[in-house]
Amino acid sequence: MAKKKLRVAFIGAGGIAGTHMREYSKMDDVEMVAMADISTAGMERLGDEYGIPDAFTDYKAMLRKIKPDAVSVCTPNGLHAETSIAALRAGADVLVEKPLAMSAREGQRMLDAAKKANQKLVIGFQQRFDPKAQFVKNAVDSGRMGKVLYGRVQALRRRGIPNWGVFGRKDLQGGGPLIDIGVHVLEVTHYVMGSPRPVAASGNVYTYLGNKKSNVACQWPNWDHKSYTVEDLAVGQIRFENGATIHIESSFAAHIAKNIWNFQLMGEKGGASWDPVQLYTDDNGYMINSEPGWLPRNKDFGSIFGLKMRNFVDHSLHGKPTMAPAEHGLMVQKMLDGIYESAERGKEVAIR
Ligand SMILES: NC(=O)c1ccc[n+]([C@@H]2O[C@H](COP(=O)([O-])OP(=O)(O)OC[C@H]3O[C@@H](n4cnc5c(N)ncnc54)[C@H](O)[C@@H]3O)[C@@H](O)[C@H]2O)c1
């Protein structure tokens, strides 16, 4: 008997959709059946590359006609809620790219829609699949650090304002580096800390480069400064119900020596760093820095992106647990909202 395949469709056929397709194309229990985008250029290229038979310029028409089992939502953030809800109502499970939405209010509507439709909704967080993150999580869960008090999150580019897509548009993205790249390191830090419930946030955001015509040296030149309405730098602090705190720094354009992509944990009995991955503990009267002798690398298992996609298919098709429930996406979204709201109001805000 032929093995059952998950019939997957795509809403949004830009950069990250191509990565989803690359990973699905390696799986013999997935059939890519259709894609929808308002622009046809990407669909023509990806359709040829991955042999996807149907392309639509209206995602609602695609959902009606194709009735996919699952949908990868790969649009700009501003469309995550609308498209995910439509796909869930059409009877599909949804893997929505990060961040969950533009706001927690939208995110809550997505979770409600999944529950009502009795479909699965997964947030596309991949950093938690990283073996280094799993190593730190294992150390936290086994009590080696005692109570984790503090997480320091850094997602800092020295000069990397995206010059494609709509990453500078607050109306379509909900924010800048905080919601776009800070979210990655924030989610993995929150996850290894055991996903505590956030209760308050404070923060500041600053715009000083992206909205100006400039010929500074940069990774991706000629970004659209005229439509740039997001921050260049965000800093913030989250307080959690269990008394722990996270501090976050995220930037597309930080005046620092080089890019930083890392978290550090500090606990009552020990600490950790993600990259390079190390634990800091006390043993037999010595301060010990320890690290795993070997961890699988991308070449051993493909990529953390591949692991996230495999976990989604296993969850949707085979009923295995998800490692990235939408509830985690919603908690992270509340933290992002809290930092932006605090920056606007100039004071700490409660997270409910
Ligand atoms: N997990 C990751 O590491 C990762 C990396 C990059 C991007 N992302 C996320 O993926 C999403 C898309 O980012 P991207 O880099 O692919 O952007 P992109 O601009 O390359 O692609 C977005 C696509 O959505 C299409 N689109 C816009 N409106 C649409 C509509 N109404 N219906 C259908 N399609 C529509 C655009 O035409 C475009 O092709 C964002 O939410 C981003 O945060 C995640």
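Which of the 24 residues around the ligand come nearest?

1. G12, G14, G15, E97 and G165 come nearest to the ligand; a residue counts as near if its C-beta atom, placed from the backbone, lies within 6 Å. The shell holds 10 nonpolar, 10 polar and 4 charged residues. Ala, Val, Leu, Ile, Met, Phe, Trp, Tyr, Cys and Pro count as nonpolar, Asp, Glu, Lys and Arg as charged, and the others, Gly among them, as polar. Helix α1 (residues 15-24) gives the most to this shell, with 3 residues.

2. This is a predicted model: local features need pLDDT of at least 70, side-chain atom pairs count only at pLDDT 80 or more, and totals for chains, interfaces and linings use all residues. Residues are numbered from 1 along each chain as its sequence is written.

3. An open sheet is formed by 6 strands, ordered β3-β2-β1-β4-β5-β6, with parallel pairing. Strands are DSSP runs (E, at least two residues), as are helices (H or I, at least four), numbered from the N terminus. Strands pair if DSSP finds at least two bridges between them. β3 (54-56) and β6 (121-124) each have a single partner strand, so one side of each lacks a neighbour in the sheet.

4. Strand β1 (residues 6-11) is joined to strand β2 (residues 30-36) by 6 bridges. V8 stands opposite M32 in β2.

5. The axes of α4 (residues 80-89) and α5 (residues 104-117) come within 9 Å and cross at roughly 5°. Axes are lines fitted to C-alpha atoms, for helices over the stretch in contact, and angles run from 0 to 180 degrees between N-to-C directions. α4 and α5 are therefore roughly parallel (angles under 35 degrees).

Notes. Parallel < 35°, antiparallel > 145°, perpendicular 65-115°, else oblique.
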